[in-house]
Amino acid sequence: MNYYEYLESCTLCPHKCKVNRLKGEVGRCRASSDVKIALANLHYFEEPCISGKNGSGTVFFTGCNMNCKFCQNYKVSQLGLGEEIEIEDLANEFIKLQEMNANNINLVTGVIYVPQIIEAIKLSKEKGLKIPIVYN
């Protein structure tokens, strides 16, 4: 099954909206078929066990299916802050973070983009990604 098939009738989260994200329909998470990220950078100190001294290569994905009222990432998760990128660009972000000596790639709120993330991981592995991936 290719990743597009997961987006034709989306059931990636427990809400199982079954919208066709490939045709621009959006469910509770408000995500389209494109990956949208707010930030990809080194993140220090919040989680010392994964940040270490070099930092965690954190990618904050835009949108969320949970809609928590007290979310610490509210502007990203609920207000849509961020920009759409291609899967290959996401793979390149992973490589850039590795080149910045990140301890890992830390995927924050990626549930609604899991099929695209898997493809980006495959591409980044082909490009030399060797550091661990943390699913946060």
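## Cysteines

C64 is buried, at 12% relative accessible area, where buried means under 20%, exposed over 50% and partly exposed in between, computed with a 1.4 Å probe on protein chains only. Its sulfur lies 6.1 Å from the closest cysteine sulfur, that of C68, which is too far for a bond. C49 is exposed, with a relative accessible area of 75%. The sulfur of C49 has its closest cysteine sulfur in C71, at 20 Å, again too far for a bond. With a disulfide taken as a pair of cysteine sulfur atoms within 2.5 Å, the count is 0 disulfides.

The model is predicted: local features need pLDDT of at least 70, side-chain atom pairs count only at pLDDT 80 or more, and totals for chains, interfaces and linings use all residues. Residues are numbered from 1 along each chain as its sequence is written, and side-chain values use heavy atoms, with hydrogens and water left out.

## Strand pairing

Strands are DSSP runs of E with at least two residues, numbered from the N terminus, and two of them pair if DSSP finds at least two bridges between them. Strand β1 (residues 35-43) runs antiparallel to strand β2 (residues 56-61), with 6 bridges joining them. Within this pairing, I37 is opposite F61 of β2. Strand β1 also pairs with strand β3 (residues 83-85), in the antiparallel sense and over 3 bridges. There, V35 has I85 of β3 as its bridge partner.

## T58 in strand β2

T58 is part of strand β2 and counts as buried, at 1% relative accessibility. In a regular strand, side chains alternate between the two faces of the sheet.

Contact here means heavy atoms within 4.5 Å. Apart from neighbours within four places in sequence, T58 contacts L39, A40, N41, H43, L97, N106 and V108.

## Cavity

A search of the whole structure gives 1 cavity of 30 Å³ or more. A cavity is a set of points, on a 1 Å grid over the protein atoms alone, where a 1.4 Å probe fits but cannot get out; lining residues have an atom within 4 Å of a point. Points are joined across faces, edges and corners, and the volume is the space filled by probe spheres set on them.

The largest cavity has a volume of about 80 Å³. Its lining includes C10, C13, C17 and C29, along with K16, R21 and R28. By class, the lining has 7 nonpolar, 2 polar and 3 charged residues; Ala, Val, Leu, Ile, Met, Phe, Trp, Tyr, Cys and Pro count as nonpolar, Asp, Glu, Lys and Arg as charged, and the others, Gly among them, as polar.

How values were computed
On a 1 Å grid over the protein atoms alone, a cavity is a set of points where a 1.4 Å probe fits but cannot get out, and a pocket is an open set with protein on both sides within 12 Å along at least five of seven lines; lining residues have an atom within 4 Å of a point. Helices (H or I, at least four residues) and strands (E, at least two) are DSSP runs, numbered from the N terminus.
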